[in-house]
Amino acid sequence: MGKVIAGRLVRLIATLLAVTFLTFSMTALLPGDPVNAILGVDSVRDPEVVAKIRADLGLDDPFLIRYVNWLGNTVTGDLGQSYITDQEVISTISQRLPVTAQLAFMAIIMALILAIPIGVLGAYKQGKWQDSTTSAGVQVALSVPNFIVGIFLIWLFSVQLGWLPASNWNRISNDGLIENLKTAILPASALAMTQMAIFSRLVRSDMIATLQENYILAARSKGLSNRFILLRHALRPSSLSLMTIIGINFGALLGGTVIIETLFAIPGIGFRLINAINQRDIIVIQGITVFIATAYVVINTVVDLLYAVIDPRIRRA
Amino acid sequence: MGETVMRRKGLYRSVAFLAIAGLIAGACGGDDDSAPADTPSEEAEAPADEPAEEPAVEAGDVAEGDVDTAIEEEESTVAYGGSISVGLEAEATGLRPWEDTCSSPCYNMMISVFDKLIEMDVNGNYVPYLAESLTSNEDFTVWTMTLRGDVTFHNGVELTAQSIADMFPIQQAGAAGSSAIAAANLVSVEATGDLEVTYTLSEGGSAFPATLSRAPVGFVFEPAAAAADSEGFSMAPVGTGPFVIDSRDLDNETTFVRNDSYWATDPDGNALPYLDSISFRPIPDEGTRLDALLSGTVNAMQTLRQGTIRDARNARDEDGADITLYEFQGNNVGGGMYNVLVPPFDDVRVRRALTHMNSQEQVIEALGGTGISLPGTQWFSPDSPWWSEKVAEAWPKFDFEGGVAILTEYVNDPERSDGKAVGESIDVELSCPPDPTLIASMQVVEQLYTASGLVNVTMTNYDQQTHIGIALGGENGFVGNHQQHCWRWSSDDDPSVNLTPALAPPTAEIAEAIGLPGVVSPLNFSNWFSPTAFQAAVAATKTDDFATRYGLYESIMLEFADQVPVYYSGHTATAIGTESNVLGLNSWHVPSGELGIGFPNAEGRWAEVFISS
């Protein structure tokens, strides 16, 4: 097991190096001078200020030197400070991460609540009308972009029914859990739609395979109820790949809520990233991107390791 | 004339070299800060009292705009109490007037916590606000301001002339303040009495009151608090304004509560503000912001998009939404520029032809502004006192066949400037920021140009900051490599704010050639230079006589119509929408009791807003 962990960690570090290098390269390749973006009209006014900012940002250094310096700071947790807002990037992330994480968590839970019954039903009624209907519905959910779902949800639940707020975020610390959930439920639902579709397809296909196993036949021959067989004997072994995909998608959602956060004006990481891009706040862009990428890679690695713990065959392989 | 130029050399240098602020703001983004200005002198007189005849014709093309909410006294009985939330199009970068570039959303917040020294009244005059009076010497180099007495900052510190003097070094060191100070040629601010402040300018400027009416210099903040913790000040600003900061949750909600010791009253002597609290929420998506208003998630919202005004009107008129729209047709006009130092745009025939071939009516339709935005012919909208009918008539309007004829003449000219063979189509790179409506409008223009058979169009989109950087052209002596470049022109500030730097020599070579070495303005984005236009722009800052200034700016606009360095795609209509029981936005007052300017650029003044019972 120790060998497995060591191997995974080496891969993790290599991946993170590649991710940081790509992130840094891409922001460095953006057209235009970041100092123009920072100072605007002042960039033509005071050469000394321009020179100082260029020095602070290391823009006059060769690319690789800049990368190594930046990486050194990043490794020690110093992601820099926004030139636009003066805020530390790490504190920007720490303030917004709980919001995005809550959205992602709620989306996963809501997706599972729908996906498991749909997947189980589809597998149990494979080829029948119930399966066709749910499959069609899942296909639609998979095809519709989540921002379209979001717009529809706002129109229905905010504008038409007036049940839920259309935008912004009530914090648990200020407004309590109920008020918080009122602002979280629509964006989380919009995010959940695609997840639900992915999860239910996975559950269905895994269940179909499991239901053909001999031990399921044995359970049937013992006269166990269908419900018992499905939930106790079939669902659990079918959940292994679901657990994996949940972990991976949770990591992806941490960086994948950009559009929904912007649509609903949710002060999460994605919303801040979009603002930073619009303001050309390169230090913030780099910091958030690296954080998202790191979170994704780390979560994937943890899921990989858990998978190995759960399934001895993988460990041995 | 040469003599005149020489005599005014120092003047030109300072104006062109130093008065470089603001334009970018009003330029591409359209809604940024920058100091406004207008006729100054003793207590700022009124351009609107002067000519300002009723326009006999609509500006521009055949498309008609219909955006105007009257500024008038509120007839409902005002009521105290209640809270409202306002949806803004973006978060304020910061709330430090001297440091943070302030756009329309930011102004809504800053004006709640800070007072301006000077405000604009309903007629467009600059009038005292936190100041009690403002006078100048004859050549406008020394301005003496008297502050109101018995005003305290939110932290209990008394406002004195020394407060204003102590603000100055902070403003000088600030990113936003320093450029505004340079633009105004402001060299010193001294407390010359308990409440008397003396501003000294290196070059006289009749539009100086405008500087005192906008964010970097005009908003009054508590200098000791600002000096003690600049970063913290952004989260907890201290001013003298009608509301006091209560909480600031960046990118989510900023809440201000009533300043119980606010100095201002309404004309009946009632204490202000009326509301208990007001909160501002950034909601960048236009549709969501409108939905937030329609669903009651917010009580008011701003928009600078004509498409959103259209949708809000539809919601009100067709769906029966119980909302009020406070609409404003400002001077800010969309469109763009031709880089006249890049062939074929160095030939006025090309610029004129392309402008004739550009249908503002169709572009406005693509932008969703039919019936909302007026086509542009100049840097002033028809309801501006600076608007000129003569210019409106002179501007090259949509005439596709006429444009094709002019372009054909260029294309068949053996001496054509782009070096191509006779008969070959010209190449045009048309560039706008990647906003969906701007892309739609680009496509309209591209189709029109292409239909002529004489233009090869390449369309490019860069993010806004890059778009601005390309036009600045820092890499090649501020000439830039842009060709036809989307831009916004003008604002409701004094014309000098935007026009003077835009007319100064764009390159060192041009400055040298006209005997003004070193006088270079990177903010002349089209690179078009006319000695007469520049001279007129400078002369307009040396007088406070409205008729004289009007004539000078009209002459500049007429040159624009003749030389076409820029083109237009319609004035920028803006609006603040509110629930119908939220009143008072169009009926706030300046201390003299006159009505204020209203809500230009979707910037509300919230002290006299109340919730009707």
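This is a predicted model: local features need pLDDT of at least 70, side-chain atom pairs count only at pLDDT 80 or more; totals for chains, interfaces and linings use all residues.
**Exercise 1.** Find which residues the cis peptide bond at B:Pro273 joins, and place B:Pro273 in the fold.

Solution. 
- Start with the bond. B:Leu272 and B:Pro273 are joined in cis, with omega about 0°.
- Recall the background: most peptide bonds are trans.
- Now place the proline. B:Pro273 sits in the loop between β9 (253-258) and β10 (277-282) of chain B.

**Exercise 2.** State the omega of the peptide bond from B:Pro343 to B:Pro344, and locate B:Pro344.

Solution. 
- Read omega. The value is near 5°, and the bond from B:Pro343 to B:Pro344 is cis.
- Locate the residue. B:Pro344 falls in the loop between β12 (323-338) and α13 (348-356) of chain B.

**Exercise 3.** Give the phi of B:Phe140, then decide: is B:Phe140 buried or exposed?

Solution. 
- Take the backbone. B:Phe140 is not a glycine, yet phi is positive, about 65°.
- Find the element. B:Phe140 belongs to the loop between β4 (131-136) and β5 (142-147) of chain B.
- Apply the cut-off. Buried requires 20 or more other C-beta atoms within 10 Å.
- Conclude. B:Phe140 has 21 C-beta neighbours inside 10 Å, so B:Phe140 counts as buried.

**Exercise 4.** Repeat the analysis for B:Asn601: what is its phi, where does it lie, and is it buried or exposed?

Solution. 
- Phi of B:Asn601 is positive, near 60°, and the residue is not a glycine.
- B:Asn601 lies in the loop between β17 (582-583) and β18 (610-611) of chain B.
- B:Asn601 is buried because 22 other C-beta atoms lie within 10 Å.

Note on methods: Residues are numbered from 1 along each chain as its sequence is written. Chains are lettered from A and ligands numbered from 1 in the order in which they are written. Helices (H or I, at least four residues) and strands (E, at least two) are DSSP runs, numbered from the N terminus. A residue is buried if 20 or more other C-beta atoms lie within 10 Å of its own, exposed if 12 or fewer, and partly exposed in between; C-beta atoms are placed from the backbone.
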